[in-house]
Amino acid sequence: MNDSHPTHSFETVAIHAGNTADPLTGAVVPPIHQVSTFKQDGVGGLRGGYEYSRSANPTRTALEENLAALEGGVRGLAFASGLAAEDCLLRTLLAPGDHVVIPDDAYGGTFRLFAKVAARWGVEFSVAHTSDPQAVRAALTPRTRAIWVETPSNPLLGITDVPALAEVAREAGVRLVVDNTFATPYLQQPLALGADVVVHSLTKYMGGHSDVVGGALVAGDATLAEELAYHQNAMGAIAGPFDSWLVLRGIKTLAVRMDRHSDNAGRIAEALTRHPRVTEVLYPGLPGHPGHEVAAKQMKRFGGMVSFRVAGGEEAAVAVCDRAKLFTLGESLGGVESLIEHPGRMTHASTAGSALEVPADLVRLSVGIENVDDLLADLQQALG
């Protein structure tokens with residue numbers, strides 16, 4: 001099939017884009033090209049453009065074609081982790097002395113990358129509430145080169161109006177970066193909403209089975225795509241062949257998994273709103289969520305992540321995490337199994353003392369695809 005054929009649905013593209021049958025054997029699944037170097041037909045005579053697997057590998061190419069097709073971009077690039085993808089993007093877009101606007105609610109690893117790594121390189125950042133375009137506009141400086149967004153955000157499930165911020169970015173002549181990890185391209189396509197580049201942790205929903213670590217960038221224009229590809233090769237933090245194959249395998253069921261994740265998360269969020277020990281539920285699918293209307297416009301559904309706050313403070317929140325049985329206590333998210341964590345002590349510990357510090361009474365759920373009644377029963381006993 002033509003990977004970019006506009007008449008095919010998302011589900012069809014997810015299964016077929018990049019997944020060309022092997023020309024030698026007819027295998028319907030692309031092989032794992034576990035190889036470092038490729039035989040050349042004379043000096044400079046490359047077969048299919050391959051010479052060394054850091055620069056390109058056929059299995060990674062299949063994944064990158066798939067990613068570009070799903071996000072509607074001109075090119076996808078796969079990396080060894082989500083943070084490796086972010087690092088490549090930062091060093092492509094920025095130089096010492098440049099400035100970035102980042103969210104006041106973001107993944108702790110992203111904050112650490114800006115605050116502890118990029119800052120030492122001379123890159124400055126300001127924190128803004130990205131749900132408010134005016135707040136972002138006010139945070140811009142003459143040295144701003146990018147606006148960085150997560151929507152839904154991690155871990156407070158905030159929603160940013162991507163078209164509104166795309167307008168702010170265009171007016172300022174800066175790039176709009178959207179981390180689409182929580183939504184996935186099945187639920188939201190930021191490039192179509194005006195973003196310049198999309199970031200993914202492929203470890204999460206795209207892989208979907210908690211068995212691979214990976215990251216991705218998908219660019220909306222060819223010039224930026226070429227710059228990113230140059231840095232990907234020059235820096236070398238690429239996705240390996242087996243990891244690429246695992247993510248490709250996971251993506252084939254992305255649509256059906258995200259529907260089930262969304263079904264289960266919606267049920268759980270509603271139930272939590274009625275629990276006497278829960279003081280606040282953060283889920284964009286709830287009508288009372290401040291970003292509900294925006295999410296309903298730019299997302300197909302509301303996803304599988306739910307956060308909530310517990311009466312009794314930090315120790316009570318930690319106790320809920322400890323008492324859960326079916327929800328596994330662990331970092332990461334987006335797998336078929338349900339996870340529970342305490343962000344303040346786990347994924348977002350690096351934000352302590354900063355403007356991104358998360359509430360101590362917060363619990364974050366990655367709602368899996370198990371039977372929802374079993375999940376509800378587990379939360380009921382964990383909450384006590």
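Analyst: Let's start with a definition: a salt bridge is a side-chain nitrogen of Lys or Arg within 4 Å of a carboxyl oxygen of Asp or Glu. This is a predicted model, so local features need pLDDT of at least 70 and side-chain atom pairs count only at pLDDT 80 or more, while totals for chains, interfaces and linings use all residues. Residues are numbered from 1 along each chain as its sequence is written, and side-chain values use heavy atoms, leaving out hydrogens and water.

User: How many salt bridges does that rule give?

Analyst: The count is 18 salt bridges. Take Glu226 and Arg75, whose closest N and O atoms are 3.2 Å apart. Glu226 sits in helix α8 (residues 222–235) and Arg75 in strand β1 (residues 75–79), so this pair ties together parts that are 151 residues apart in sequence. Helices (H or I, at least four residues) and strands (E, at least two) are DSSP runs, numbered from the N terminus.

User: Which residue forms a salt bridge with Asp98?

Analyst: Arg145 does, with the closest N and O atoms 3.6 Å apart. Asp98 is in the loop between α3 (82–93) and β2 (99–103), whereas Arg145 is in strand β4 (residues 144–150), 47 residues away. Asp98 has 11% relative accessibility, so Asp98 counts as buried; Arg145, at 35%, is partly exposed.

User: Which residues do salt bridges with shared partners join into one network?

Analyst: Start with Arg175 and Asp196, which meet at 3.8 Å, N to O. Arg175 belongs to strand β5 (residues 175–179) and Asp196 to the loop between α7 (184–187) and β6 (197–201), so the two tie together parts 21 residues apart in sequence. Arg175 is partly exposed at 24%. Shared partners then join Arg175, Asp196 and Asp221 into one network.

User: On to rings. How many aromatic pairs are there?

Analyst: Rings of Phe, Tyr and Trp (its six-membered ring) pair if their centres lie within 6.5 Å; planes under 30 degrees apart are stacked, over 60 edge-to-face, and the rest tilted. The whole structure has 6 aromatic pairs. In one of them, Phe111 and Phe125, the centres are 6.1 Å apart and the planes at 85°, so the pair is edge-to-face. Phe111 lies in helix α4 (residues 108–118) and Phe125 in strand β3 (residues 124–128), so parts 14 residues apart in sequence are tied together. Phe111 is buried at 8%, while Phe125 is partly exposed at 25%.

User: What does the pair Phe242 and Trp245 look like?

Analyst: That pair is stacked, at 6.1 Å centre to centre with 15° between the planes. Phe242 and Trp245 are 3 residues apart in helix α9 (residues 241–251), so about one helical turn separates them. Phe242 has a relative accessible area of 41% and Trp245 24%. Elsewhere, ring pairs link Phe111, Phe114, Phe125 and Trp148 into a cluster.

User: Last one: how many disulfides does a search find?

Analyst: A disulfide is a pair of cysteine sulfur atoms within 2.5 Å, and the search finds 0 of them. As for individual cysteines, Cys88 is buried at 1% relative accessibility, and Cys321 is buried at 4%.

Definitions and conventions. Buried < 20%, exposed > 50% of the residue type's maximum accessible area, 1.4 Å probe, protein only.
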